[in-house]
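Trainee: I have a model open and would like to talk it through with you. Could we begin with the charged side chains and then move on to the fold?

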Amino acid sequence: MTQHPLHLDDREAWRRLGGQHTAEEIQHQPALWLALARQLREQQARIDAFLGDWLIRPGHRVILTGAGSSAYVGEIAAAALNAAWPAQIEAIPSTSLLTHPALYLDPARPTLLVSFARSGSSPESLAAVALLRERVATTRFLNITCNAEGGLMQDSEGRADTLNLLMPAGSCDRGFAMTSSFSCMLLAALAALGEAPWAERLRRIEGLADVAGGALAAWAPVAAELSLQAFERIVYLGSGPLEALAKEAALKVLELTSGRALALANTPLGFRHGPKSVLNPQTLVLLLRSGDAGARRYEQDLLDELRRDQVAGKVLALGPGETPLAAPALDLPDAWAAPLPLLLAQLFALHRSAALGLRPDNPFPDGTVNRVVQGVTIYRDEPQQA
């Protein structure tokens, strides 16, 4: 295994290891969140005017969509937003919308499609918008993207039914894996569609930025040390909105290790129902603690059980008071707090990639997996019945 720097700001070392872009893009997230708060403050009137009364109408629908990591952005945000508004708000990956549109779309129900896209040029992102235009009578589109040159923004320029929210400069990650793009799009969605007064929404973003720098500095050495241990299997566990965060954390490991480390995600309660069989002495378990007191009781039961059984190689939790992964005690709902534990997951995947001798900015030099997905054929006509 390769020795690698403990700190993200050792740019020359990360450049030699082929991880300079990814390291920088993890590190600059607090600054991007502050920039995002400034942008949203300037655009709040425009956002409110576009949404109008859409969210307060029970007959209206909002679909949060994207593919891969972008789908997990919607999954983290959906339940909290749905609980806040009369409109139905749900997360449906674009990869599901395209294969089974009849199961997910109601042609007669007014639908707002919220698309999350780093590049804005993936075939699924563009096809999902076209699909709704074709199949739903009343539609609106909110594009949350990091690339002004992407098709998602370019194709919708000047359309009255579309609002484009461009994330701050620097959020369109140059590295292979989504890092700053993910956190910026999540915070943008929670702010744009949130129910709290705008001042409170922006304070939440700024509060996260205030503590994130210290968290990055504290967690980077821990992530580096963990990455050098011989864990062949990584299990992330999270409940509620943090279940989707666990999926994103596991995906980061799979992507940046080029699949050499097996990474799985589940809920603390669901893990006992079969997935627990993955545990062995080469397994690292990382539980993302919820801020909800009721959920934390279930989480603690599982932590106590796993530590008592001593089947896994190491069992850790990330949250306030946890050792060695203490986290600031944030008075935020789990969906809003998610960007903070996300930083630890990104750090671990980065360091694990370097520890395996891979180049984190491009862990697939053979092109078998690409930064912007390739090889997707979009079929627009329904198949003929035999």
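**Salt bridges, sheet and overall fold**

Mentor: Arg159 is partly exposed at 39% relative accessibility, where buried stands for under 20% relative accessible area, exposed for over 50% and partly exposed for what lies in between, with a 1.4 Å probe and protein chains only. This is a predicted model, in which local features need pLDDT of at least 70 and side-chain atom pairs count only at pLDDT 80 or more, while totals for chains, interfaces and linings use all residues. Residues are numbered from 1 along each chain as its sequence is written, and side-chain values use heavy atoms, leaving out hydrogens and water.

Trainee: Which side chain does Arg159 meet in a salt bridge?

Mentor: Arg159 meets Asp161, at 3.3 Å from N to O; a salt bridge here is a side-chain nitrogen of Lys or Arg within 4 Å of a carboxyl oxygen of Asp or Glu. Asp161 also forms a salt bridge with Arg133, at 2.5 Å from N to O. Arg133 belongs to helix α7 (residues 123-135) and Asp161 to the loop between α8 (151-154) and β5 (162-166), so this pair ties together parts 28 residues apart in sequence. Helices (H or I, at least four residues) and strands (E, at least two) are DSSP runs numbered from the N terminus.

Trainee: Are Asp161 and Arg133 buried or partly exposed?

Mentor: Asp161 is buried, with a relative accessible area of 16%, whereas Arg133 is partly exposed at 30%.

Trainee: And what about Glu299, which partner does that one have in a salt bridge?

Mentor: Its partner is Arg289, with the closest N and O atoms 2.7 Å apart. Glu299 sits in helix α12 (residues 293-309) and Arg289 in the loop between β8 (283-288) and α12, ten residues apart. Glu299 is buried at 0% relative accessibility, and Arg289 is buried too, with a relative accessible area of 9%.

Trainee: Changing topic, in what order do the strands of the open sheet run?

Mentor: The four strands follow the order β7-β6-β8-β9, with parallel pairing; two strands count as paired if DSSP finds at least two bridges between them. The edge strands, each pairing on one side only, are β7 (262-266) and β9 (314-318). Strand β6 (residues 233-237) pairs with β7 over five bridges, and Ile234 stands opposite Ala263 in β7.

Trainee: How many helices and strands does the protein have?

Mentor: The protein has 14 helices and nine strands, and its C-alpha trace spans about 55 × 50 × 45 Å along the principal axes. Of its 386 residues, 55% are buried.
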